[in-house]
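Hi everyone, thanks for coming.

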Amino acid sequence: MFTTLDEMFMSMVDIRRYFHQHPELSFQEKNTTEKIVETYRKLGIPFREHVGGNGVVATIDGKHRGKTVALRADFDALPIQDEKDVPYKSTVPGVMHACGHDAHTSTLLHVAEAFWQHKEDLKGTIVLIHQHAEELHPGGAKQMIEDGCLEGVDMIFGTHLWSTTPTGTVQVTPGPMMAAADRIDIVVQGKGGHGAEPHLAKDAILAASQLVTNLQTVVSRSINPLNSAVLTIGSFESKNAFNIIADQVKLSGTVRTFQADVRDRVEQEVRRICQGTALNNDVDIHLTYTRSYPAVVNDAKAIDFVKKGAATVPDIEDVTYMKPVMPAEDFSYYLQHVPGAFFFTGAQPEGVQTPYPHHHPKFDINEKGMLIAAKTLTAAALAYLQA
């Protein structure tokens with residue numbers, strides 16, 4: 001299988017660059033889906049399209065009956081202008097693959113082709129899940145699960161190419177790996193007035209400023225220091241003339257947690273502080289608290305299969321345990337239904353000491369990481385099927 005994947009590397013690069021030049025935003029991935037479908041149709045691999053929306057699910061049955069393992073890749077892009085000076089730069093203004101989903105998709109398509117070529121030797125079934133809309137709530141994973149993409153699946157694996165991790169490194173962790181992500185939207189409604197007559201107004205900016213400060217006590221004073229949580233207010237909007245007391249301020253932010261009870265406690269405290277700050281300032285505060293993706297929690301046995309598989313990949317120099325990180329991933333929904341593992345595959349560009357992070361306008365990867373990811377996914381799947 002590894003030799004087959006080695007022979008496909010240039011094709012893997014070409015397909016990745018095609019997707020990179022033709023990115024599509026979440027829930028708008030029409031052409032991307034058509035390209036995926038076209039590939040499976042040419043290969044003759046059975047597939048189902050429009051799964052949960054724009055998703056595609058292909059299935060490869062081995063010659064011998066056995067367990068069923070799913071492999072997943074996402075394929076949506078981001079609303080970011082591509083600032084790289086490369087031949088495969090995005091051709092779509094204001095849209096680019098700034099997180100590696102183009103590479104994930106090309107990787108999985110070639111893994112599928114390799115399994116298809118070796119299906120006579122395969123014991124069990126491989127399910128290839130091509131997921132739309134990972135970047136935008138409510139995400140594509142939940143929709144695809146509701147449409148049956150996990151029916152009959154016993155275990156699932158997925159990987160994320162990581163531009164800030166050295167190529168040749170695979171990072172794993174059992175248990176919580178990536179955080180739950182929730183969104184806060186707040187409207188502070190006061191009473192506008194003349195800047196020279198504050199006693200006749202209710203200053204929404206003053207109340208909102210106190211609220212931002214008060215919310216910082218949620219993590220520092222309400223959450224056990226041994227647990228992790230982040231609460232960030234990222235937007236504060238109130239534009240007025242210099243001599244006007246604002247009547248309204250809009251705030252938005254994010255909350256990141258790993259444990260369900262911590263997630264509940266943070267929401268409870270945010271609501272309480274909003275109520276208290278409103279009372280203290282005699283204003284109205286309207287809170288919309290949106291729960292998005294849950295935490296990615298890996299199955300320990302599934303992680304063992306990743307490690308076992310990675311140990312057989314000659315391109316991998318190091319398999320390390322990583323600390324959990326606060327970015328979110330809707331792969332978490334799959335893990336709520338079947339055991340599985342999500343891991344990072346290093347893809348730091350060659351000769352770059354400080355690579356651009358994910359979601360940066362100059363983000364790029366070392367494409368050799370795709371081949372390592374392909375081999376590791378393949379090896380992990382085989383390790384499970386042969387166990």
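Predicted model: local features only at pLDDT ≥ 70, side-chain atom pairs only at ≥ 80, totals over all residues.

Let's start with helix packing. Two packed helices are described by the angle between their axes and the distance between the axes. So, how do helix H2 and helix H4 cross? H2 covers residues 9–21 and H4 covers residues 101–117; their axes come within 8 Å, and the crossing angle is roughly 140°. The crossing itself is right-handed. If you want to click on the residues that touch, H2 brings Ser11, Met12, Ile15, Arg16, Phe19 and His20, while H4 brings Asp102, Ala103, Thr105, Ser106, Thr107, Leu109 and His110. Sorted by class, that contact of H2 with H4 has five nonpolar, six polar and two charged residues.

Now look at helix H1, residues 2–7, where you'll find threonine 4. Is threonine 4 buried or exposed? Its relative accessibility is 10%, so threonine 4 counts as buried. Leaving aside residues up to four places away in sequence, threonine 4 touches Ala114, Gln117 and His118.

Next, the other pair of helices. H9 is residues 300–310, and its axis comes within 7 Å of the axis of H11, with a crossing of roughly 120°. H9 and H11 are therefore oblique to each other, and their crossing is right-handed. On the H9 side you have Phe305, Val306, Lys308, Gly309 and Ala310, and they meet Thr376, Ala379, Ala380, Ala383 and Tyr384 in H11. By class, the contact of H9 with H11 comes out as seven nonpolar, two polar and one charged residues.

How many of the residues in H11 are buried? The count is 16 of 18, so H11 is mostly covered.

H3 is another helix to look at. It has 14 residues and reaches 20 Å between its first and last C-alpha, again close to the expected 20 Å. Its buried residues are Thr32, Thr33, Lys35, Ile36, Val37 and Tyr40. What do they pack against? The partners are H2, E1, strand E2 (55–61), H4 and E4. After H3 comes glycine 44, with a positive phi near 85°.

Most residues other than glycine have a negative phi, and most peptide bonds are trans. Phenylalanine 27 is not a glycine, yet its phi is positive, about 70°. You'll find phenylalanine 27 in the loop between H2 and helix H3 (30–43), and it is partly exposed, with a relative accessible area of 31%. Histidine 50 isn't a glycine either, and it has a positive phi of about 60°. Histidine 50 lies in strand E1, residues 47–51, and at 53% relative accessibility it counts as exposed.

And where is the cis peptide bond? It joins histidine 137 and proline 138, with omega at about 10°. Proline 138 belongs to the loop between strand E4 (123–131) and helix H5 (140–146).

Methods. Residues numbered from 1 in each chain as written. Heavy atoms only, no water. Axes fitted to C-alpha atoms, helices over the stretch in contact; angles between N-to-C directions. Helix = DSSP H or I, 4+ residues; strand = E, 2+ residues; numbered from the N terminus. Left-handed = near helix turned anticlockwise from the far one by under 90°. Contact = heavy atoms within 4.5 Å. Nonpolar A, V, L, I, M, F, W, Y, C, P; charged D, E, K, R; others polar. Buried < 20%, exposed > 50% of the residue type's maximum accessible area, 1.4 Å probe, protein only. Parallel < 35°, antiparallel > 145°, perpendicular 65-115°, else oblique. Expected span 1.5 Å × (residues − 1).
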